[in-house]
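Me: I would like to learn how to read a structure residue by residue, with the general idea given before each case. Could we go through it together?

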Amino acid sequence: MPVPVPRQRAIPAVECGQAPAASLDSGPSKEQAPAGTTNPAENPTTRREHPTEKREKATNETTHQLESTGPSNLTLLLIEDDPGGSPIVPDLLDQTGKPIRVRTARNLTEAERLLTDDVHCILLDLALPAPAPARNSAEGNGNGDAHGDDELTVLRHVLELAPRHAVLALTSSSDAERGAEAVAVGAQDYLFRDELDGRLLSRAIRYAVERKRSDSAERRLAEGRLRAQENRRLERGLLPTPLLAGSPLRFAARYRPGRSRALLGGDFYDVVRTPDGTVHAMIGDVCGHGPDEAALGVELRIAWRALTLAGLCGDELLGTLQQVLEHERSDDEIFATLCAVDIAPDGRRAGLCLAGHPAPLVAGPDTPARLLPYDNNGPALGLLPGARWPRMQVELGAEWSLMLYTDGLIEGHVGGGRERLGQDGMVEMVRRQLSEGLRGEQLLRATVNEVRELNGGELADDVAVVLLDRTG
């Protein structure tokens, strides 16, 4: 069991002799041992130590326990209104035969002071009177069961005080129903005061500690799964839904984030059709791979769609996107590359703007796959204030396939060496796959899978690919 490092605190009343500890049948506990005597179960001296000396000693003992491969001693906090006059805790040993340390508190105020990180389990006597405000409230509720309410009020207070600790409820054998109610409220188990013995209590403490640990781990696992599901729903909602109603073009896309267990990376894309029949397609890449870069990519995509539907295009649109990036990025070094294409309503020609991004690939029935011109490639967004991005006119023909992609597709390695696939390798790969009859979603799936296989596993960078097809 891992040992938490105890936080610095004042010397508890029981440990410094200001309050009596629970009497054991075999004699006084360590906390009760008078000066000049030694507990045979433990070696530390019983002289009163300076607070600084006690903290250093506790730190050294914790370090030794963390380095040890064996289990550490358990510590029990007993909360009972008269621990000195009513000895209810017998000798206790853990599963290795080591004595279980016992601290005692007569009320909740003392319990809060004694409840340090090295306490593993709390044994609460349900007969303990409730705090005054809670007791007065219970007496005035008019239901005739104020005593029972007091017991559960004390338990609820302890559970709020120690949400990470195991709690055992102690009651009389004639009040088993109250013990069951205590478990329903949140205690790990309940015990009968008049049937208590060392073996039973030791086993109950170990069981309660392990059950609390298991419950906490199960709760953290459930919370982690819930957060993961919420993140996936959020990320799926942030991926674009193409607006191509009324267009004869066919659309396909593949997206693989570089971050482990993520659905969204710094790459982004979108496709929309404006009322005049022009189809606008875009793909971009924010430098970096973290959640901040993914969020910035979503912002740029949404801004691009809004600006495009508002009628902006080419240099004016990219200049406005650069302003958005400059205002939203978390660091002045962050930039984004982008490729924007606007396809004329007749589908035979298109305008192309590149902002530090690889040129798209185009292929036709009678023409092999090739890269579109990239001589007038402008700078990436966020690098140069007042930059310009010229718009190039390109001819597509009657039938064609246009593929936009991010650099994650071409920067994977080939085999086990340092050589990268590159644009030329990608063009050859797509030519071969087209000759094999692959189209649309099948073509993109085969391309991404082959790039991964050549790389020898998952790609380190995000990958986004968009494919638009026009048939005659």
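Reply: We can begin with Q442, which is partly exposed, with a relative accessible area of 47%. The word rests on cut-offs: buried means under 20% relative accessible area, exposed means over 50%, and partly exposed lies in between, with a 1.4 Å probe and protein chains only. Q442 sits in helix α10, and its C-alpha atom is separated by 9.2 Å from that of A252, 190 residues apart along the chain.

Me: What should I keep in mind about the origin of the model and the numbering?

Reply: This is a predicted model, in which local features need pLDDT of at least 70 and side-chain atom pairs count only at pLDDT 80 or more, while totals for chains, interfaces and linings use all residues. Residues are numbered from 1 along each chain as its sequence is written, and side-chain values use heavy atoms, with hydrogens and water left out.

Me: Where is L244 found, and is L244 buried or exposed?

Reply: L244 is found in the loop between α6 and β6, and with a relative accessible area of 14% L244 is buried. From L244 to V271 the C-alpha distance is 7.3 Å, although the two are 27 residues apart in sequence. For another loop position, take G97, between β1 (75-79) and β2, which is partly exposed with a relative accessible area of 45%.

Me: How should I read a salt bridge, and how many does a search of the whole structure find?

Reply: Side chains of opposite charge can pair when their charged atoms come close. The criterion used here is a side-chain nitrogen of Lys or Arg within 4 Å of a carboxyl oxygen of Asp or Glu, and a search of the whole structure finds 18 salt bridges. One of them joins the side chains of D118 and R103, at 3.0 Å from N to O. D118 lies in the loop between α2 (108-114) and β3 (121-125) and R103 in strand β2 (residues 101-105), so the pair ties together parts that are 15 residues apart in sequence. Both D118 and R103 are buried.

Me: Which parts does the salt bridge of E441 with R254 tie together?

Reply: The closest N and O atoms of E441 and R254 are 3.4 Å apart. Because E441 lies in helix α10 (residues 440-455) and R254 in strand β6 (residues 250-256), the pair ties together parts that are 187 residues apart in sequence. E441 is partly exposed, with a relative accessible area of 30%, and R254 is likewise partly exposed, at 22% relative accessibility.

Me: Which residues are linked with R256 in a network of salt bridges?

Reply: R256, R452 and E458 are linked in such a network. R256 is partly exposed, with a relative accessible area of 27%.

Me: How many disulfides does the search find?

Reply: A disulfide is a pair of cysteine sulfur atoms within 2.5 Å, and a search of the whole structure finds 0 disulfides. C353 is in no disulfide, and the nearest cysteine sulfur, that of C313, is 6.4 Å away. C353 counts as buried at 2% relative accessibility, whereas C287 is partly exposed, with a relative accessible area of 22%.

Me: Which residues gather in a patch of negative charge on the surface?

Reply: Patches are made of residues with over 30% relative accessible area and no salt bridge, like charges being joined within 9 Å. In this structure E326, D331, D332 and E333 gather in a patch of negative charge on the surface. D331 is placed in the loop between α8 (314-328) and β9 (336-343), and is partly exposed, with a relative accessible area of 37%.

Conventions: Patches are made of residues with over 30% relative accessible area and no salt bridge: like charges are joined within 9 Å, nonpolar side chains (Val, Leu, Ile, Met, Phe, Trp, Tyr) within 5 Å. Accessible areas come from the Shrake-Rupley method with a 1.4 Å probe; for residues, only the protein chains shown count as cover. Lys and Arg count as positive and Asp and Glu as negative; His and the chain ends are not counted. The place of a charge is taken as NZ of Lys, CZ of Arg, CG of Asp or CD of Glu. Helices (H or I, at least four residues) and strands (E, at least two) are DSSP runs, numbered from the N terminus.
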